[in-house]
Amino acid sequence: MSFFKTPTLALARRYFLGRSSLVLSAPAVALLAGNHALAAAAGAADPKDVQILNTALGAELEAIAAYQLGAESKLLQKPVLDLALTFQGHHKEHADLLAKTVEKLGGKAVAAKPSYDFPTSSLKTQADVLRFAAKLEQGAVSAYLGAVPLFANRDLSKAAASILGDEAMHWAVLRNALGEAPVPSAFVA
Amino acid sequence: MTRVPRRAAAWHAAGGALLILAAAVGVFAAAPPPSAARGEAIYARCAACHALAYNRVGPKHCGLFGRVSGSVPGFDYSSAMKNAHIVWNAQTLDRFLASPLKTVPGTAMTYDGVLDPGERADLIAYLQQAGRSPECNAAR
């Protein structure tokens, strides 16, 4: 069965974001909604928090470039191509939010690199691209999971956990597209 | 207070010691040796930032063992990592992976760490094996 035939991803995302805005605290909602002045007023920034956000931003910028590579590879057929561009759009939203938050907290947001190294020689089929993307998304889930407990500002932890949820959905959908169990276990690590 | 005869107390003590020893042996016997195969699965957690053969958000891992921290040419390290002066080996990696930010405060590797010692051993075993792989040999 193809996940492309059902609107469940869009519904899940809408439901997730809708629920998130209901349960997150005011500063986290401000961050997620782009109200940075309100977010900054929530308290003085810890330099470690800025570093965590910048590391996450670096990974998001690389993910955007990776999906661009996939989109331009001519290996992705519709509707997989549309899916890749949708996920790239999510990463752009994450990156935009992270960059603005870093700046608002008094830091300097890292910029995208002029170029990225990707294993282009091993990407020969649509499945190769999907597997590559799934690996990046799985890593992103782990990276956010490893960052969530480190924030001094617990509202940033919540915001990072919200992004983690989005990355986990990407990973599950990509696994499903590859014919793998979309959710391989009860926990992520 | 109940008085326990001295000989009986000695037997109790000896029995207790044996139980502790048996439990300790059981624990050590149950700990499996490090597994590169399990470590490869754990390495998937690193895939947001690292690859074996090329630099990403984090530096490449080929050539890691014996390398001085902050020394991959062309990689933009944090000042903290540049000044850490750690030579990467199984022991230093174990310490760093347990808590990157505590080991090198200020590192850009803002990750809580691989908290389980067995998982760290597996991950290090994988990194050692991967360092000898054709992928890493080709990257030299």
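Which residues does Thr103(B) touch, not counting residues up to four places away in sequence? Let's find out on a short tour of this predicted model.

**Stop 1: Thr103(B).** Select Thr103 in chain B; you will find this residue in helix α5, which covers residues 100–103. Now show its surroundings: leaving out residues up to four places away in sequence, Thr103(B) touches Arg95(B) and Phe96(B). Next, display the backbone oxygens. That of Ser99(B) lies 2.9 Å from a polar atom of the Thr103(B) side chain, and that of Arg95(B) lies 3.1 Å from a polar atom of this side chain.

**Stop 2: helices α4 and α6 of chain B.** Select residues 90–98 for α4(B) and residues 117–131 for α6(B). Their axes come within 10 Å and cross at roughly 130 degrees, so the two helices are oblique to each other. The crossing of α4(B) and α6(B) is right-handed.

From α4(B) come Ala90(B), Leu93(B), Asp94(B), Leu97(B) and Ala98(B), and they meet Arg120(B), Leu123(B), Ile124(B) and Gln128(B) of α6(B). Color this contact by residue type and you get 6 nonpolar, 1 polar and 2 charged residues.

**Stop 3: chain A.** Finally, switch to chain A and view it as a cartoon. There are 7 helices and 0 strands to follow, so to trace the chain from the N terminus is to read α-α-α-α-α-α-α. Of the 189 residues in chain A, 45% are buried.

Conventions: Residues numbered from 1 in each chain as written. Chains lettered and ligands numbered in written order. Predicted model: local features only at pLDDT ≥ 70, side-chain atom pairs only at ≥ 80, totals over all residues. Heavy atoms only, no water. Helix = DSSP H or I, 4+ residues; strand = E, 2+ residues; numbered from the N terminus. Polar contact = N/O pair within 3.5 Å; in protein donor to acceptor, adjacent residues only side chain to side chain. Contact = heavy atoms within 4.5 Å. Axes fitted to C-alpha atoms, helices over the stretch in contact; angles between N-to-C directions. Parallel < 35°, antiparallel > 145°, perpendicular 65-115°, else oblique. Left-handed = near helix turned anticlockwise from the far one by under 90°. Nonpolar A, V, L, I, M, F, W, Y, C, P; charged D, E, K, R; others polar. Buried < 20%, exposed > 50% of the residue type's maximum accessible area, 1.4 Å probe, protein only.
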